[in-house]
Amino acid sequence: MSIRQNLQKVSQSLPDGVRLVAVSKFHPVEELQEAYDAGQRVFGESHEQELSRKVELLPKDIEWHFIGHLQTNKVRFIAPYITMIDAVDSLRLLREINKQALRCGRVIDVLLELHIAEEATKYGLSLDECRELLSEGEWRQMAGVRIRGLMMMASHVDDEDQIRREMTTAAQFFDEVKQTFFANDEAFSERSWGMSDDYPIAVKCRSTMVRVGTMIFGPREY
Ligand SMILES: *Cc1c(COP(=O)(O)O)cnc(C)c1O
């Protein structure tokens with residue numbers, strides 16, 4: 001199947017209101033161009049240098065999401081153009097995004113990354129850390145960032161019940177946070193979960209934004 005056909009297949013399986021971030025990390029610009037020509041405009045990358053190189057080479061109306069762990073010292077390179085930073089996992093990173101956004105005269109959309117998976121991954125805020133970050137309130141003074149919602153990655157397991165459990169926890173936590181901190185903020189509306197292996201489950205667990213790579217572009221060659 002071609003990239004165009006894969007894209008069509010994934011897009012058609014998404015209900016209205018669920019957006020697709022095409023995760024293109026480690027794939028050559030020719031393949032991104034193919035997806036672009038098929039109508040895709042939102043792409044996700046997770047390495048600053050690779051992303052900056054692709055931005056130079058590809059059309060200017062692409063919306064770029066930074067989906068991976070972002071080091072604070074890389075923020076200034078992507079701040080001029082990035083559409084959304086999907087995986088903010090510390091107040092320190094949020095401060096740096098704010099600082100660099102203001103320097104560019106921009107407001108950058110971000111998602112807070114939750115660590116819910118039972119797997120021992122390094123990144124993401126625990127639910128308590130996320131509550132703490134929000135109730136501490138410094139983010140309210142940050143004119144350069146707009147918190148648009150939450151992001152998480154479920155455990156990489158075959159057990160669909162476990163994946164569903166983790167995504168349901170995320171969806172319920174979204175409701176809690178929305179009610180507590182963003183009740184009057186329409187912009188806080190995004191729930192980003194679901195990748196190639198689990199996006200059909202994510203959609204059932206109220207995802208608004210799936211991040212799909214392998215199903216569109218095939219396996220990555222690292
Ligand atoms: C790589 C990556 C994806 C896409 O994974 P696939 O299994 O290829 O769909 C989604 N989200 C994040 C944060 C990633 O790093």
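This is a predicted model: local features need pLDDT of at least 70, side-chain atom pairs count only at pLDDT 80 or more; totals for chains, interfaces and linings use all residues.

Which residue stands opposite Ile-147 in β6? The residue is Val-110, which stands opposite Ile-147, and the two belong to neighbouring strands, because β5 (residues 108-114) and β6 (residues 145-152) run parallel and are joined by 7 bridges. Two strands are said to pair if DSSP finds at least two bridges between them, and the names themselves come from DSSP runs numbered from the N terminus, with helices being H or I runs of at least four residues and strands being E runs of at least two. Strands of a sheet pair through backbone hydrogen bonds, either parallel or antiparallel. Between β5 and β6 the chain passes through helix α6 (residues 127-136), and this β-α-β crossover is right-handed, a word used when, with the strands pointing away from the viewer, the path from the first strand over the helix to the second runs clockwise.

Residues are numbered from 1 along each chain as its sequence is written, and side-chain values use heavy atoms, with hydrogens and water left out.

Strand β6 is largely enclosed by the rest of the structure, because 7 of its 8 residues are buried; buried means under 20% relative accessible area, exposed means over 50%, and partly exposed is in between, using a 1.4 Å probe and protein chains only. β6 also pairs in the parallel sense with strand β7 (residues 190-192), over 3 bridges, and here Leu-150 stands opposite Arg-191 in β7. Helix α7 (residues 160-181) makes a right-handed β-α-β unit together with β6 and β7.

These strands belong to an open sheet of 8 strands, whose order is β7-β6-β5-β4-β3-β2-β1-β8 and whose pairing is parallel. The edge strands are β7 and β8 (209-212), each of which pairs on one side only, and from one strand to the next the twist averages 30°. Further into this order, strand β4 (residues 84-88) runs parallel to β5 and is joined to β5 by 3 bridges, with Asp-109 in β5 as the bridge partner of Met-84.

Helices pack on this sheet, and two of them can be followed from the strands already described. Helix α5 (residues 91-103) touches β4, β5 and β6, and its direction makes about 160° with that of β4, where contact means heavy atoms within 4.5 Å, and where axes are lines fitted to C-alpha atoms, for helices over the stretch in contact, with angles running from 0 to 180 degrees between N-to-C directions. Helix α6 lies across β5 and β6 and runs at about 145° to β5.

Helices also meet one another. The axes of α6 and α7 come within 12 Å and cross at roughly 15°, which makes α6 roughly parallel to α7; angles under 35 degrees count as roughly parallel, over 145 as roughly antiparallel, 65 to 115 as roughly perpendicular and the rest as oblique. Among the residues that meet here are Leu-127 and Leu-134 in α6, and Phe-173 and Phe-181 in α7. Helix α1 (residues 3-12) and helix α2 (residues 29-37), by contrast, pack at an angle of about 55° with their axes 9 Å apart, and are therefore oblique to each other. The residues Ile-3, Arg-4 and Leu-7 in α1 meet Glu-31, Glu-34, Ala-35 and Asp-37 in α2.

Thr-208, in the loop between α8 (199-204) and β8, is buried, with a relative accessible area of 10%, and the residues it touches include Gly-17, Val-18 and Arg-191. Ser-46, in the loop between β2 (42-45) and α3 (48-57), is also buried, at 13%. Ser-13, in the loop between α1 and β1 (19-23), is partly exposed, with a relative accessible area of 40%, and although Ser-13 and Pro-200 are 187 residues apart along the chain, their C-alpha atoms are separated by 8.1 Å.

Definitions and conventions: Lists of a residue's contacts leave out its neighbours within four places in sequence.
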